[in-house]
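This report covers helix packing and the nonpolar core of a predicted model. The sequence and structure come first.

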Amino acid sequence: METLTSCNTASLAIYTGTAANPWDIEKVRHTLRRLGYGLNQAQEAIAITQVPDVFIENYINTAANYAVTPAPSWAFWDRSDYTNFNTERTAQIQEWYTQVFNDTLNLNLRARMTLFWHNHFVTKLEDYNAPSWMYQYYNLLQTHALGNFKTLVKEMGKNESMLVFLNGVRNNKFSPNENYARELLELFTLGENNNYTQTDIVEAARALTGYNNYTEIGAPIAFQQNTFDDTSKTIFGTAANFNHDTLIDHLFAVRAPEIADFIVKKIYSAFVSPELPAQSIIDQLALTFRNANWELLPVVKQLFKSEHFFDPEASATVIKDPLDCLGMFIKEANFNFPQVNLNTLFYYSSILGQQYFNPIDVAGWQGDRDWINSSTITGRWQAQEYIMWTMWNIDQELFRNIALDASLSINDPDAIARDIIDRFVSKNLYTASDYALAITVFKGDVPENYYTNMQWDLNWGSVPYQVILLLQHVFRMPEFQLK
């Protein structure tokens, strides 16, 4: 696939806000939608009063310092711990999906980075089938989401979900299996065809042998010496009796520039733009990554505090994934969405192409334009409306509150409609006629003279339904699909 080059030429100097490019509500929302899933208006109002780099520093540090999600009661169950494996397993998976959606709504950048690494170190629940392994994999991603990348690589190769998914559990000195070794180089660290050979893959597979000792589904998979290839391997031109950990150490020592470049580009594509910037931007971030001994925090802070991240060319350049569409609407509308309905949202996310714990293949979701087609676009509208009508049935006044919170005006329908639109889209609409059409939708069936005579205001009985009509219209805007 051809890689496009971004028009963003801004530097990595710290963004301070200028008259030409101010720290305003649009920049605050840009930050919160990229680094998390948005915030309500009251929280945004606090953010805008802070110095940008101080706000970013605190936002990232807070996410990094969140405690990991507590383990469920079944976190380390083996197959033998179940009375009825299929029934109990299904209930546990549903329980964990609910928990993960709560994390998505509440853990901001920690949740985003957990999903990012899930899409990088892909495993599939449908292949390993154990709720305990599902939890342990998620816990590993969450623990190291903003930590040390090299440590995450080391731990991931020993994770039960990964050992089963990429056949590491079948990789032994008698019958080497190359699957994990190939993806370790091609997808997880270096990138496809980036300074490694088939011989390196074959020899790395031998170094990764020995993780074969387990009794049943859900049980720990342990290293055993008698299936490890305890002989010399030649990897990247060096001969040694490499094992799992020394292989990773060697890989990061002799291919550091390639690893840093590959991972930084992937972070940039996910969080800034699918169109890559000038190589000099990547090189600076990659140098930071290497100098920090593979710690992620210095890299993300340098990127997310930069003029480059806040350049207008970086705004509204990424198509929302399905979880963005659902999570952001809930957060930005300030809805307390009922727990019993959260699994329905995961169902919607799945039919829109993003099933957590089951990416499409080992390369993960490619994202951006792949999220949108003729069937998923209508599915997105339906998913938003499911959230909207669920909340309507709980309390119609929540929709009046959206209007009251979004606008300083109480009786100007044009200003109110504009403010609600700008609340939920990443950039102002392209033309005045786009706003005019939306304003007409918002006005609904209320006679025009009620507006012109100032009889109508936000206390009017029809306002909640008018907001519903406008939101339905907003959901269908191309701008709504961007962040």
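## Helices H1 and H5

Helix H1 (residues 25-35) crosses helix H5 (residues 108-118) at roughly 45°, and their axes come within 8 Å. Angles under 35 degrees would count as roughly parallel and 65 to 115 as roughly perpendicular, so H1 is oblique to H5.

On the H1 side, the contact is made by Arg-33, Arg-34 and Leu-35; on the H5 side, by Asn-108, Leu-109 and Arg-112. Sorted by class, the contact of H1 with H5 has three charged, two nonpolar and one polar residues.

## Helices H17 and H19

The axes of helix H17 (residues 322-332) and helix H19 (residues 374-394) lie 10 Å apart, and the two helices pack at an angle of about 25°. Because of this angle, H17 is roughly parallel to H19. The crossing of H17 past H19 is right-handed.

H17 contributes Pro-322, Cys-325, Leu-326, Phe-329 and Ile-330 to the contact, while H19 contributes Arg-380, Ala-383, Gln-384, Ile-387 and Met-388. By class, the contact of H17 with H19 has eight nonpolar residues, one polar and one charged.

## The largest nonpolar core

The largest nonpolar core has 152 residues, of which Trp-117, Phe-357 and Phe-399 touch the most other members. Helix H13 (residues 256-271) gives the most to this core, with nine residues.

Neighbours within four places in sequence aside, Phe-357 is in contact with Trp-96, Tyr-97, Val-100, His-118, Thr-123, Lys-124, Leu-125, Tyr-128, Met-134, Tyr-137 and Tyr-138.

Methods: Residues are numbered from 1 along each chain as its sequence is written. This is a predicted model: local features need pLDDT of at least 70, side-chain atom pairs count only at pLDDT 80 or more; totals for chains, interfaces and linings use all residues. Side-chain values use heavy atoms; hydrogens and water are left out. A nonpolar core is a set of buried Ala, Val, Leu, Ile, Met, Phe, Trp, Tyr and Cys residues joined through side-chain atoms within 4.5 Å. Buried means under 20% relative accessible area, exposed over 50%, partly exposed in between (1.4 Å probe, protein chains only). Helices (H or I, at least four residues) and strands (E, at least two) are DSSP runs, numbered from the N terminus. Contact means heavy atoms within 4.5 Å. Axes are lines fitted to C-alpha atoms, for helices over the stretch in contact, and angles run from 0 to 180 degrees between N-to-C directions. Angles under 35 degrees count as roughly parallel, over 145 as roughly antiparallel, 65 to 115 as roughly perpendicular and the rest as oblique. Ala, Val, Leu, Ile, Met, Phe, Trp, Tyr, Cys and Pro count as nonpolar, Asp, Glu, Lys and Arg as charged, and the others, Gly among them, as polar. A crossing is left-handed if the near helix is turned anticlockwise from the far one by less than a right angle, and right-handed if clockwise.
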